[in-house]
Amino acid sequence: MLGRRHVIKAGLATAAASLLPDIPQVLRAMPAAESQLGKVKITAIKTASVHIKYPAHLVRIETDSGLYGIGESYNRDGILSHVRSFEEILRGEDPLQVDYLATKMAEAQLGHGTWTGSLPGAISGIETALWDLAGKILGVPVYVLLGGRFRDKILIYHDTGSPQTPDPAAWVAEAEKSLEYGFQATKFDMDWESRGRAIRGEPFQYRGELWNRGIASLEMKQWRAILVAIRERLGEHYPLGIDLHFNYNYADALAFSRMVEDLNLWFIEDPIPPQNADAMARFTSECNVTTCTGENLYTRQTFRPFIEKQAADILQPDPQKAGGLLETKRIADWADQYYITFACHNMCTPVGTVANAHACAAIRSFVALESDSVELEHWDDLIERDAPFYQDGYYVLTDKPGLGIELNEEVCRKHLTGGSSYFGT
């Protein structure tokens, strides 16, 4: 029988509980963290590459508990060998020690370009899988482990195709596809006659030479006509961004930005090459269109001058390239000290897309997450789902542990890239 003191305590606890909101999930995780810390060990790191527009590298971390985490590395050559090289370093480690393990991987490869190139892309995929695994062990979503969510759903912007023509009608038709998909924000790549075209041996029709980064005046006029037509179709206030893919020189890019000031563009991404923070800061100060950059920067080290010099209005890291989910949050939070907003570059399967959405949920200054490859019929079927992947132009977060997703093995196996197995089977 409970004594009088216990009855009073129980009554006070009940009364207090009735006055408080639901217990935050991060507090619910504490008992699990105490009971599970050190009890689960990593046993293997395995990979599977599936084809979307390019080979996408999935990572699975297995443990002695039977639980596993999935992630996605950057989609470039050389990534997989780096991912596999980390298995020996991580085997036997506690997967709850995510930041420690990411740092351990970076330090282990310090002499091999850890902070740039393909190594951060490899570490990013492993780090994401560790977060998924940690969430499953603790029974909470990844966004909780990153500090909690600021929003329940994530605005997606559609990275459209770029018609290989100056005919505005073809570009308007592409804009129609964005509307049909249900997107509420869109970006167009204007540089359809890019350096890559010439390097592949396809002659320019409207541009001058390859190497001086110039934009011909005729090309600028064509781009403006295209954007005028798109803006008329999408409406005055529909978020419409453009990407120049770091192809052009300062003077020409700035001249073009002034030609389209009246079109209420959402942003102009990478108008000049990404290596020089001083040049980008000057461009941003002189440009009356919101500027955006970041997909070609790696970790806090290379983002530092762009943040401190306030070289862009929007920073857009790629979590699969920049060093992972926590590194992306650190970059965004640092930029937020200068009131620079955060968008998320994303060239992923639904695995990386959902992982990035968890980071975006936990970042205060977030504005939009990119979507790529949605026009492929199998793209959103690479994971198990019972509803559309995007809903009215948003990704809606769940309370499921980890990333809250599972792979559709049948679809993944059907679309494996040449030479890849399904995680070793």
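This is a short chat about the predicted model of one protein.

Trainee: What kind of model is this?
Mentor: The model is predicted.

Trainee: OK. How many helices and strands does the protein have?
Mentor: Its secondary structure comes to 17 helices and 12 strands.

Trainee: What does the C-alpha trace span along the principal axes?
Mentor: About 90 × 50 × 40 Å.

Trainee: How much of the protein counts as buried?
Mentor: Of the 425 residues, 54% count as buried. The accessible surface comes to about 18500 Å², and carbon and sulfur atoms account for 52% of that.

Trainee: Contacts next. Take residues at least 6 apart in sequence: what share of their contacts join residues at least 24 apart?
Mentor: That share is 72%.

Trainee: Switching to charges. How many positive and negative side chains are there?
Mentor: There are 41 positive and 56 negative side chains. The centres of the two sets lie 5 Å apart.

Trainee: Let's look at strand β1. Is it enclosed or open?
Mentor: Strand β1 covers residues 42-51, and seven of its 10 residues are buried, so the strand is largely enclosed by the rest of the structure.

Trainee: Which strand does β1 pair with, and in what sense?
Mentor: β1 pairs with strand β2, residues 55-63, in the antiparallel sense. The pairing runs over nine bridges.

Trainee: What joins the two?
Mentor: A hairpin, through three residues.

Trainee: Which residue in β2 stands opposite Ser-49?
Mentor: His-57 does.

Trainee: Where is Glu-87?
Mentor: Glu-87 lies in helix α4, which covers residues 87-90.

Trainee: What is it in contact with, leaving aside neighbours within four places in sequence?
Mentor: Glu-87 is in contact with Ala-44 and Ile-45.

Trainee: And how far is Glu-87 from Lys-46?
Mentor: Their C-alpha atoms are separated by 8.6 Å. Along the chain the two residues are 41 apart.

Trainee: Last one, Ala-387. Where is it found?
Mentor: Ala-387 is in the loop between β11 (366-371) and β12 (394-396).

Trainee: Why does Ala-387 count as partly exposed?
Mentor: Because its relative accessibility is 33%, and partly exposed covers the range between under 20% for buried and over 50% for exposed.

Trainee: How far is Ala-387 from Gly-71?
Mentor: They are 22 Å apart in space, C-alpha to C-alpha, and 316 residues apart in sequence.

Notes
Residues are numbered from 1 along each chain as its sequence is written. This is a predicted model: local features need pLDDT of at least 70, side-chain atom pairs count only at pLDDT 80 or more; totals for chains, interfaces and linings use all residues. Side-chain values use heavy atoms; hydrogens and water are left out. Helices (H or I, at least four residues) and strands (E, at least two) are DSSP runs, numbered from the N terminus. Buried means under 20% relative accessible area, exposed over 50%, partly exposed in between (1.4 Å probe, protein chains only). Contact means heavy atoms within 4.5 Å. Accessible areas come from the Shrake-Rupley method with a 1.4 Å probe; for residues, only the protein chains shown count as cover. Lys and Arg count as positive and Asp and Glu as negative; His and the chain ends are not counted. The place of a charge is taken as NZ of Lys, CZ of Arg, CG of Asp or CD of Glu. Two strands pair if DSSP finds at least two bridges between them.
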